[in-house]
Amino acid sequence: MGFLDWLVICAYFLVMIAIGIWAKSRIRDARDFFTAGGKMPWWLSGISHHMSGYSSAVFVGYAAIAYTAGFTLYVWWAIGITFAMLIGSWLFAPRWPRLRQRLGIISPLEYLATRYNVPAQQVLAWSGTALKVFDVGAKWAATALLLQVFAGVPIAWGVLLTGGVTLIYSTIGGLWADALTDLGQFIIQLIAGITMFVAVLAQLGGVSSIWTLWDRLPEGHGQPFNDKYTVGFIMVYLLINTLSYNGGTWNLAQRFIAAPTGDSARRAALFSAALYLFWPLGLFFPMWAAPILLPNLAEPDQSYALLTQQLLPGGLIGLVLAGMFAHTMAMTSSDANAISSVVIRDIIPAVWKRAHQLSSKSELLAGRVSTFLFIALSMGIALSVDSFGGVLGLLILWFGALVGPIAIPMLLGMLPAFRRCGPAAAIGSWATGLVVFAVVKYVFPGQTQTVEVATPVLSSLVMFVLIGLIAPVRNPEADALIDSLNAEHPEAAEAPSS
């Protein structure tokens, strides 16, 4: 890292803060802070959804997978998310803005009190908030590791630097700041990714290396299924990605809730799917080539950072690092916004009855305080990431295994086919997934990664369906809500914020 590199990084951070300050002028109340007033255009929602869907952990944890297993990373991750978004563009994405129109929600879990009951809503709200603190902590740790490799900055200072900047613009600018910084960050990481792609091509001998590369890599690196990333693992992660990227991960639900209409949300989902299908081919190419350019690395998670240092001149290294920061800051800021909406609209009203009497300005202030505290707590987790199995342990195992039990009642509850699954099904599904995860992880340790990730989500799904069949619930209010989400009603006015 030379002077020009640090200059680029500082300029990047200042621009992000400036966008947050500018976005503050568009925030009048909690609805603007959490859902952009329901006015986010589909293309911005799609880009924001894509940018909020992965962090700089891609350049650490996933770079290690690309180094050791090869092309299978694109199959189980990028193609899996693409299929997940194609499914969700018809089943889930259009229903999110319709929930805002019908009920005036600004939190992804707010509708669950009507769909199930308050206890079911609270169980999912508390557990999902706790899970997200750990997930975001992994993202900060991955970013800090990159800064350590590039510039020798201690992990703690890296967490404080990137987290502190995100804390500022997210706290003051809300979802508008998140989405607009996502747009800027998308442009930065696009330029940075193309720069790295061209540099690697030049090092390998030109454009023809796109096809000839695979014969020079270790055996199996060109195969769609390799190492522990089997067909079974990929199928399980397709289910997890479908649940996560269509709203089970709350910050991604916020992108759809902020869309003006269901049709706009569908276009955003399809746009995000297209980005996941094509962009990772260029983004991952340097990672796939790393075993040739950097053979026998002892720490494969540093491969992308080391390639950047080796191939790029001063100034461009800072640009690539800024592109890596872009993903983490996009994802974590949107996570903070979504979690804050859940805390303000779902958790606090359940434990403090006078919360319903808060004025619009007081609710907005509470949202900003909640956003601040969430980011600060997740930064604390990042400083002790090794206690939870490292970055990959938090990303693939903990989050992959636990997001399903939380997302299944939340997403399937919107669909008519599961209308008879009531509160018992929601809570039973959630509890089963968590218990099975604990049993597999601690009672019978040493299972394959596929088993550790698959058993919680599949058992949760089976329990949700089974309870609905054995003890079906008839709730006229919930039935009416589900039916109202099936189609667009342009003539219906949006419900006021409750």
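Q: Is S341 buried or exposed?

A: The term buried applies to a residue under 20% relative accessible area. In this predicted model, S341 has a relative accessibility of 0%, so S341 counts as buried. S341 is placed in helix 15, which covers residues 316–351.

Q: Which residues does S341 touch, leaving aside those up to four places away in sequence?

A: Contact is read from heavy atoms within 4.5 Å. On that reading S341 touches F34, I106, S107, P108, Q254 and D346.

Q: Where is A253 placed, and which residues does A253 touch beyond four places in sequence?

A: A253 belongs to helix 12, residues 250–257. The residues touched by A253 are W96, P108 and G247. P108 is also among the residues that S341 touches. A253 counts as buried because its relative accessibility is 0%. Sequence separation and spatial separation should be read side by side: A253 and L109 lie 144 residues apart in sequence, with 9.8 Å between their C-alpha atoms.

Q: How is the span of helix 8 to be judged against the expected value?

A: The expected span is 1.5 Å times one less than the number of residues. Helix 8, residues 118–151, has 34 residues and reaches 49 Å from first to last C-alpha, close to the expected 50 Å. Of these 34 residues, 26 are buried, so helix 8 is largely enclosed by the rest of the structure.

Q: What is found at the N-terminal end of helix 8, and what just after helix 8?

A: N117 caps the N-terminal end, with a side-chain oxygen 2.9 Å from the backbone nitrogen of A120. Just after the helix, G152 adopts a positive phi of about 70°.

Q: What should be read at the start of helix 20, and which residues of helix 20 are buried?

A: At the start, a side-chain oxygen of N475 comes to within 3.1 Å of the backbone nitrogen of E477. The buried residues of helix 20 (residues 476–484) are A478, D479, L481, I482 and S484. Their cover includes helix 6 (95–103) and helix 7 (112–115).

Q: How do helix 9 and helix 10 cross?

A: A crossing is described by distance, angle and handedness. The axes of helix 9 (residues 155–204) and helix 10 (residues 209–216) come within 11 Å and cross at roughly 65°, and the crossing is left-handed. F197, L201 and L204 of helix 9 make the contact with S209, I210, L213 and R216 of helix 10. By class, this contact has five nonpolar residues, one polar and one charged.

How values were computed: Residues are numbered from 1 along each chain as its sequence is written. This is a predicted model: local features need pLDDT of at least 70, side-chain atom pairs count only at pLDDT 80 or more; totals for chains, interfaces and linings use all residues. Side-chain values use heavy atoms; hydrogens and water are left out. Axes are lines fitted to C-alpha atoms, for helices over the stretch in contact, and angles run from 0 to 180 degrees between N-to-C directions. Helices (H or I, at least four residues) and strands (E, at least two) are DSSP runs, numbered from the N terminus. A crossing is left-handed if the near helix is turned anticlockwise from the far one by less than a right angle, and right-handed if clockwise. Ala, Val, Leu, Ile, Met, Phe, Trp, Tyr, Cys and Pro count as nonpolar, Asp, Glu, Lys and Arg as charged, and the others, Gly among them, as polar. Buried means under 20% relative accessible area, exposed over 50%, partly exposed in between (1.4 Å probe, protein chains only). A polar contact is a pair of N or O atoms within 3.5 Å; within protein, one must be able to donate a hydrogen and the other to accept it, and residues adjacent in sequence count only if both atoms are side-chain atoms.
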